[in-house]
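Here are my comments on the model you sent. They are set out as numbered points, to be read alongside the structure.

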Amino acid sequence: VGITSLDSTLAVLGDVSLNSKLNVSGNASFNTNATIGGSLHTVGIASLDSTLAVLGDVSLNSKLKVSGDASFNANTAIGGSLHTVGITSLDSTLAVLGDVSLNSKLKVSGDASFNANTAIGGSLHTVGIASLDSTLTVLGDVSLNSKLKVSGDASFNSNAAIGGSLH
C-alpha cells in the first residue's frame, strides 16, 4: 500500500488493468488503436494529424471555424441566419419558399422570368427595346418624349387634342 516508483521502463507482456485513474505527467503514446469506453475530455487544443471519422452525430456548442474548403455532400440545414462575406456562388437552382429581400441591386446576366404579377414601387428603366405580348394598361398619364408609331388602327375613345399639324 502506497506509491510505487520505477526509475526505468515497465514492460508488461500481458493485459494491464487499472481500477482507478491513470495520470501521466509527460507525453503518452498509443502506437496502435485506442478504445475509450466513455467520454474523452481534453483541456486545451486537440490536434489530429489525419482524418476525423465520426459514426454518430456531432454537436458543437460554439462556433465551427474551417480554414480551408468545406464540403457537405448531402443536405444542409441551418436553423438560424446564414451570413456570407464575399461572393456567394451557386451551381444549381436557388429555391426560396418565403419572401426574398434584396437591400441593393438585382443583376441578372441572362433571361429573367416572373410568372405572376410584378409590382415595382419606383421607376422602371429599360435599355433597348421593350416588348409586350399583351395589353398595356396605364392608370395615369402617359408621356412620350419622341414619336408614337402605331402599325395598325388606333382608337381614341374620347377627345384627342393635337398641338401641331396632322399628316
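How many positive and how many negative side chains does the chain have, and how far apart do the centres of the two sets lie?

1. Charge. This is a predicted model. The chain carries 7 positive side chains and 11 negative ones.

2. Secondary structure and overall form. Zero helices and zero strands are found in the chain. For 167 residues the globule rule gives 15 Å, and the radius of gyration of the chain is 37 Å, well over that value, so the chain is more spread out than a compact globule. Along the principal axes, the C-alpha atoms fill a box of roughly 120 × 25 × 25 Å.

3. Burial and surface. Of the 167 residues in the chain, 0% are buried. The chain exposes about 18,900 Å², and 49% of this comes from carbon and sulfur atoms.

4. Nonpolar patch. A nonpolar patch on the surface is formed by L6, L10, V12, V16, L18, L22 and V24. Together these residues have about 710 Å² of accessible area. One of them, V16, has 56% relative accessibility and therefore counts as exposed, the cut-off being over 50%.

Methods. Residues are numbered from 1 along each chain as its sequence is written. This is a predicted model: local features need pLDDT of at least 70, side-chain atom pairs count only at pLDDT 80 or more; totals for chains, interfaces and linings use all residues. Side-chain values use heavy atoms; hydrogens and water are left out. Helices (H or I, at least four residues) and strands (E, at least two) are DSSP runs, numbered from the N terminus. The radius of gyration is taken over C-alpha atoms; the globule rule is 2.2 Å times the number of residues to the power 0.38. Buried means under 20% relative accessible area, exposed over 50%, partly exposed in between (1.4 Å probe, protein chains only). Accessible areas come from the Shrake-Rupley method with a 1.4 Å probe; for residues, only the protein chains shown count as cover. Lys and Arg count as positive and Asp and Glu as negative; His and the chain ends are not counted. The place of a charge is taken as NZ of Lys, CZ of Arg, CG of Asp or CD of Glu. Patches are made of residues with over 30% relative accessible area and no salt bridge: like charges are joined within 9 Å, nonpolar side chains (Val, Leu, Ile, Met, Phe, Trp, Tyr) within 5 Å. A salt bridge is a side-chain nitrogen of Lys or Arg within 4 Å of a carboxyl oxygen of Asp or Glu.
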